[in-house]
Amino acid sequence: MIDLLIKNATLLETTGTVDIAIREGVITEISPRVATAASEAQARKTIDAAGRLVLPPFVDSHFHLDSVWTRVPNATGTLKEGIDNWYAYKQTRLTVEDVYQRARAYCEHAFSMGIQAIRSHVDVCDPQLRGAEALVQLRQDLRDTIDIQLVAFPQDGYFRDTEVAGLLRKALEMGVDVVGGIPHFEQTMELGSRSIQDLMELAAEQGLLVDMHCDESDDPLSRHVETLAFHTARLGMQGRVNASHVTSMAIMDPYYVSRKLIPLMTGAEVSVIANPLINIHLGGHFHHPKHRAMAPIRELHGAGITVACAQDCNEDPWYPLGNADMLEVAHMGAHIGHMMGLDQLRTMVGMVTTGPAAIMHLERYGLERGCRANLVILDAPDYLAALRTSPQRIAVIRDGVIRNGKQ
Ligand code: FE2
């Protein structure tokens, strides 16, 4: 018996169309000729994709659900004003219910846009841990539609905020999944390095993944990613540590990047998440001529490093735009990262699907036999049209059930 049969689907990596058979929430077959008169007759439901692109769900591997849709203005458009305005919001307006309702409404919208996994940083510089409380509950409430991973994020600095070491551990006890950090925001490079060592040792001790905001800076000498890679290898955490942003790499010395840093990161299997929309907006304010303030995703991917592109923000103190559209993210990433070759554009789609899924260690993700039947049907004939037009999501399917869309 087939629960759902999708026929005539175009995939990202192959030519020609395929049919996808789904049973009990699992892809049981995916090949050019599953659909026959007999199989269609026994399928409970059939969708004719009519040559449209079918992708595994979009994965947003770097986001901030606690600040989403706060719609706090940022007059200077700088990272610093964003942090200051968020601090003021926390002091005056943040409640558990406020975070929960905003984040839930956003997640429901994100699901309709084809996102089925979100790694959200949650600010733990809060004696009441309101964001963590709200988002741990939300992760449970939305588990049937979105896989939410939470990162304990010391927004105001692991050492700058003298209370946060205890709060971060408490957030992990509450069920926050991943250890975060923000080394470039400490007052000295040395303190930044020490924060990485402390947090990496904490993650190693507790067997947790790591995802740090790292070198989100216009300072070419902000090189904390080097320290992050060193401790990753030292602690045997290869493949479990991610550096988010790393915008300073865009203006680091090319000899250092190519001969020392990238080999160090490759050896440690440190992944990278760039946030094209936010990086090009918040970075590059202080140099003339202004540079492309995004990690060099082409070079990183070319070196074999797992790379993802993510949103970071939607209508919050750092960014007034955004629409949960991962194709918009890939589109911007392609422009900033010089990824306009046809294969490179295909790679960009991977950077909002399979790349971030690998970084988040999502299990049974993908369009292969045995994977969870999570997928998105787009109203576009192929990945180029999808990137050009950001088309309507015809159907969003979760564990074999059509949860959203026209079908
Ligand atoms: Fe962020």
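This is a predicted model: local features need pLDDT of at least 70, side-chain atom pairs count only at pLDDT 80 or more; totals for chains, interfaces and linings use all residues.
Buried area is the accessible area, taken with a 1.4 Å probe, that two parts lose on being put together, summed over both.

**Entry 1: the domains.** I looked up how the protein chain is divided. Domain 1 covers 4-56 + 366-405, and domain 2 runs over 58-359. I then took the C-alpha centres of domain 1 and domain 2, which lie 31 Å apart.

**Entry 2: the interface.** I checked the area next. Domain 1 and domain 2 bury about 1,900 Å² between them. Carbon and sulfur atoms carry 60% of that area. Which residues of domain 1 lose the most area to domain 2? I found Leu387, Arg393 and Arg398, together 36% of what the domain 1 side buries. For contacts, I noted 21 residues of domain 1 against 23 residues of domain 2.

**Entry 3: polar links.** I searched for pairs across the interface. Eleven residue pairs are in polar contact there, both residues at pLDDT 80 or more. The elements of domain 1 that each supply at least two residues of the side touching domain 2 are β14 (375-378), α14 (383-389), β15 (393-398) and β16 (401-405). I sorted the residues of that domain 1 side by type: 13 are nonpolar, three polar and five charged.

**Entry 4: salt bridges.** How many salt bridges does the rule find across the interface of domain 1 and domain 2? I got three. I also looked up Asp147 and Arg372. Their side chains meet in a salt bridge, at 3.8 Å from N to O. The cut-off for that pairing is 4 Å, so 3.8 Å qualifies.

Technical notes:
Residues are numbered from 1 along each chain as its sequence is written. Side-chain values use heavy atoms; hydrogens and water are left out. Domain bounds come from an automatic or database domain assignment. Contact means heavy atoms within 4.5 Å. A polar contact is a pair of N or O atoms within 3.5 Å; within protein, one must be able to donate a hydrogen and the other to accept it, and residues adjacent in sequence count only if both atoms are side-chain atoms. Helices (H or I, at least four residues) and strands (E, at least two) are DSSP runs, numbered from the N terminus. Ala, Val, Leu, Ile, Met, Phe, Trp, Tyr, Cys and Pro count as nonpolar, Asp, Glu, Lys and Arg as charged, and the others, Gly among them, as polar.
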